[in-house]
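This briefing covers the structure shown below.

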Amino acid sequence: MQKHFLTFLFVCFAGALFAQSGVIKGRVFNHKNNEPIPFVNIIIDGKPAQGATSDIDGKYMISRVSPGYARLVATSVGFKKFTSDDFLVTNAKTTDLDIGLDEQVTTLAQVEIKPSVVERNEEAPLSLQKLSIQEIERNPGGNRDISKVIQSLPGVASFPSFRNDVIVRGGGPGENRFFLDGVEIPYLNHFSTQGSSGGAVGIINVDLIREVQLYSSSFPTAKGNALSSVMDLRQIDGNKEKFGGRLSIGSSDFALTLNGPVTKNSSLILSVRRSYLQFLFTALKLPFLPTYNDYQIKYKIDLDKKNQLSVISIGALDKNKLNTGIANPDAFQEYILQALPVNDQWSYVFGLVYRHFRAKGYDTWVLSRNMLNNDQIKYTNNVEVPDSLLFKYTSQEIENKLRYEGLTDLVKWKITYGAGLEYAKYTNKTYQKVYVENQLRTLNYNSAIEMWKWNVFGQVNRAFLNNRLNFNLGIRMDANNYSDNMNNLFKQFSPRFSASYAFVPDKFFLNFSTGRYYQLPAYTALGFRSNSGTLVNDSLGIKYISADHVVLGLEYQPQTNTKISLEGFYKYYRNYPFSIRDSVAIASKGADFGVVGDEPLLPISKGRAYGFEILARRDDLFRFNIIMTYTFVRSEFTDYTGGYIPSAWDNRHLFNVTVGRKFKHNWEVGAKWRFAGGQPYTPWDMNTSSLVVAWDAQGRGYLDYEAFNTLRLKSFNQLDIRIDKGFYFKKWSLMFYLDVQNVLNFKAQQPDILVNTQEDGSVVKYVDSQGQERYELRTIASKGGTVLPSVGIMVDF
């Protein structure tokens with residue numbers, strides 16, 4: 001037996017030893033017109049002796065490449081230097097990488113091969129961060145989830161919870177927009193909070209992702225309706241020569257990705273994923289049992305040298321039911337069972353992206369449709385009889401979008417322009433018992449709204465002083481026919497300006513940007529009705545929310561593998577929806593499962609978020625790659641008196657350190673330590689919560705909004721580690737990882753939970769002096785944090 005086992009090991013590792021080489025091939029083309037560029041010098045970053053030169057058709061091939069992550073550097077006279085994102089090279093298949101170069105006025109003496117991990121963006125000289133696929137895949141504690149990985153970036157908050165809320169520079173989770181290869185995807189997570197953007201698990205399968213760009217200001221004019229960030233996710237293309245794929249098994253799901261040519265000029269990449277959390281949660285006796293499924297597709301066809309068409313689609317199917325079979329549930333389990341509704345949710349996005357190349361630019365048309373269906377239901381004590389119904393919610397959001405973007409590149413001048421048209425439909429059928437103004441009421445309404453939205457935009461980029469000074473000027477205008485408050489483009493006039501000056505070329509930069517950005521309130525707010533059918537928030541004058549940004553930054557690149565930057569930012573909000581029921585801006589809501597915005601709102605709240613960010617990045621420091629970020633941020637919104645109070649995102653201090661190193665034989669080790677200042681929180685309103693009629697209406701307590709965010713949690717920190725190992729055989733590859741979150745077992749403080757059960761599980765009621773029936777309530781400690789190991793396996797074939 002031992003002999004056969006040793007023979008098996010020898011065969012496996014001999015295959016790995018005698019087939020340690022891969023192939024990279026592709027095409028080099030002019031980014032503005034898709035014409036091939038011959039005689040381009042292409043090398044592997046860090047290995048200047050290994051490379052190739054493109055032929056007359058722009059094609060190149062590099063052979064005998066060691067498996068693992070690599071990036072290419074391409075240089076040619078008359079074009080800007082190009083450094084690719086990281087990509088994975090294996091023996092199992094050829095790696096396809098097409099390279100688009102941008103023209104510039106230069107001379108032969110100016111062309112040098114200086115690979116750099118830091119590429120500057122002319123249109124957004126600051127407030128832009130990039131993540132390569134290697135950084136996403138190998139991020140400790142990220143679990144290959146983009147929403148978690150971006151929490152390592154400057155300005156992005158991190159929380160000790162099981163949610164994926166995107167909180168950027170003190171803005172709320174509903175202030176962000178996401179694009180996948182140019183197609184907007186309204187929701188980034190499974191079990192999404194409708195009216196916000198957070199959820200439990202990311203919907204994106206990173207096996208299809210090439211890079212992620214996160215704008216925290218200086219938003220592109222073509223991508224509107226955002227106040228805090230725009231995330232641009234770009235996918236890989238399918239393999240043009242050979243069919244292959246990947247099987248991934250993680251701690252919570254498994255995925256299958258297929259990848260290959262369809263015709264001579266087209267390729268397809270397709271993934272499907274399914275979770276098995278419900279089995280794990282059942283074994284752990286957790287009170288809820290989630291199941292999620294998703295798919296992701298990209299089909300790309302080169303119609304000819306001047307025309308391309310891509311089909312993009314992504315979808316999710318989520319179901320969350322309650323584990324009512326737990327015998328003798330404890331106080332926490334009982335709290336969740338009484339408060340959490342049953343939730344079924346599905347969504348999809350389907351888009352067509354057509355690009356036509358001209359002599360000095362290209363035109364892009366994006367046609368897409370997205371839909372969300374959200375069903376929630378809750379019964380008293382989870383007894384499903386009509387008299388016990390507390391909450392029943394069925395809603396759909398449907399958007400059909402057409403966007404045109406044009407780009408004209410005149411070398412010194414770069415001009416972008418375009419327009420968009422959208423048709424949206426929102427439906428909502430709600431039955432809900434609510435306790436407001438000291439009485440129990442029943443909301444029972446059907447709502448349906450249809451609206452047209454339109455926009456125009458343009459941007460100009462110009463370089464001066466031999467490319468040392470760069471200016472960007474852009475405008476955008478949005479409108480819709482929902483109401484007279486929002487149907488005039490000029491009322492949502494959104495100018496923006498940025499500039500960058502290189503005190504020392506390629507080393508030391510002063511950057512500045514300012515702009516005004518607009519966002520339409522959530523459909524849940526626009527479609528909220530009274531029982532009589534009145535659009536409540538329309539009658540209250542709801543309008544676009546605006547945010548003015550001012551950002552000033554310094555950037556220093558002493559070496560090509562080093563970047564140090566400092567940015568100060570200030571955001572000022574106007575017309576933020578203000579909850580009449582709770583007397584606070586809804587900017588602090590959205591970090592809970594359910595629905596946000598379906599309540600009476602006034603467009604009167606103001607807000608401000610300000611602070612500064614420090615980023616220090618160094619690749620190959622004693623063979624370690626190191627990224628350190630620190631953010632100081634304050635986030636405040638006005639209350640009913642007009643005074644500023646902290647929002648839920650007022651962490652003040654955010655600090656992250658990520659370290660990684662590659663070792664021989666395809667081993668990689670990484671660690672991430674993060675620190676976040678304590679969040680503000682609100683105490684319980686014990687007087688209202690103890691009322692039987694109030695508690696039974698929602699199965700949990702009520703917050704004391706008179707003391708909104710007057711308390712603050714203790715600071716939070718967490719250390720995560722990750723170990724990766726790859727085996728690269730002749731026709732397939734095997735990769736596995738061990739990811740351990742919260743290695744130090746830090747117990748993060750959470751607000752206490754209010755329950756109506758006693759320690760023995762009994763429920764005690766009494767009648768007060770005014771004849772009102774009340775529960776005897778108590779609080780139980782809620783501390784998050786435990787060591788959480790996970791193992792993942794990926795097989796490429």
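Three residues lie between the strands in the hairpin of β25 and β26, and Val411 there takes a positive phi near 70°. The model is predicted. The points below follow these strands onward and then turn to the rest of the protein.

- β25 covers residues 389-409 and β26 covers residues 413-436; the two pair in the antiparallel sense over 19 bridges.
- Within this pairing, Lys401 has Glu422 of β26 opposite it.
- β26 also pairs with β27 (residues 439-464), again running antiparallel, and 24 bridges join these two strands.
- Tyr431 has Asn444 in β27 as its bridge partner.
- The hairpin of β26 and β27 has two residues between the strands, and Glu437 in that turn has a positive phi of about 50°.

**The five-stranded sheet**

- Five strands make up an open sheet with mixed pairing, in the order β11-β16-β17-β12-β13.
- Its edge strands are β11 (128-132) and β13 (183-184), each of which pairs on one side only.
- Inside this order, β16 (residues 209-215) and β17 (residues 229-235) are joined by six bridges in the antiparallel sense.
- Asp232 in β17 is the bridge partner of Gln213.

**The four-stranded sheet**

- A further open sheet has four strands in the order β3-β2-β6-β7, with antiparallel pairing.
- β3 (47-53) and β7 (82-83) each have a single partner strand and stand at the edges, so one side of each is left without a neighbour in the sheet.
- Ile43 stands opposite Gly51, a residue of β3.

**Gly726**

- Where does Gly726 sit? Strand β41 (residues 716-728) contains Gly726.
- Is Gly726 buried or exposed? Gly726 counts as buried because its relative accessibility is 4%, and the cut-off for buried is under 20%.
- Leaving aside residues up to four places away in sequence, Gly726 touches His665, Asn666, Leu734 and Met735.
- Between Gly726 and Leu268 there are 458 residues of sequence separation, and their C-alpha atoms are 26 Å apart in space.

**Overall shape and composition**

- The protein has nine helices and 47 strands.
- Why does the radius of gyration of the protein agree with that of a compact globule? A compact globule of 797 residues would have a value near 28 Å, and the protein has 27 Å, so the two agree.
- Along the principal axes, the C-alpha atoms fill a box of roughly 90 × 80 × 45 Å.
- Of the 797 residues in the protein, 56% are buried.
- Taking contacts between residues at least 6 apart in sequence, 66% join residues at least 24 apart.

**Surface and charge**

- The protein has 89 positive and 77 negative charges, and the mean positions of the two sets are 6 Å apart.

Note on methods
Residues are numbered from 1 along each chain as its sequence is written. This is a predicted model: local features need pLDDT of at least 70, side-chain atom pairs count only at pLDDT 80 or more; totals for chains, interfaces and linings use all residues. Side-chain values use heavy atoms; hydrogens and water are left out. Two strands pair if DSSP finds at least two bridges between them. The radius of gyration is taken over C-alpha atoms; the globule rule is 2.2 Å times the number of residues to the power 0.38. Buried means under 20% relative accessible area, exposed over 50%, partly exposed in between (1.4 Å probe, protein chains only). Contact means heavy atoms within 4.5 Å. Lys and Arg count as positive and Asp and Glu as negative; His and the chain ends are not counted. The place of a charge is taken as NZ of Lys, CZ of Arg, CG of Asp or CD of Glu.
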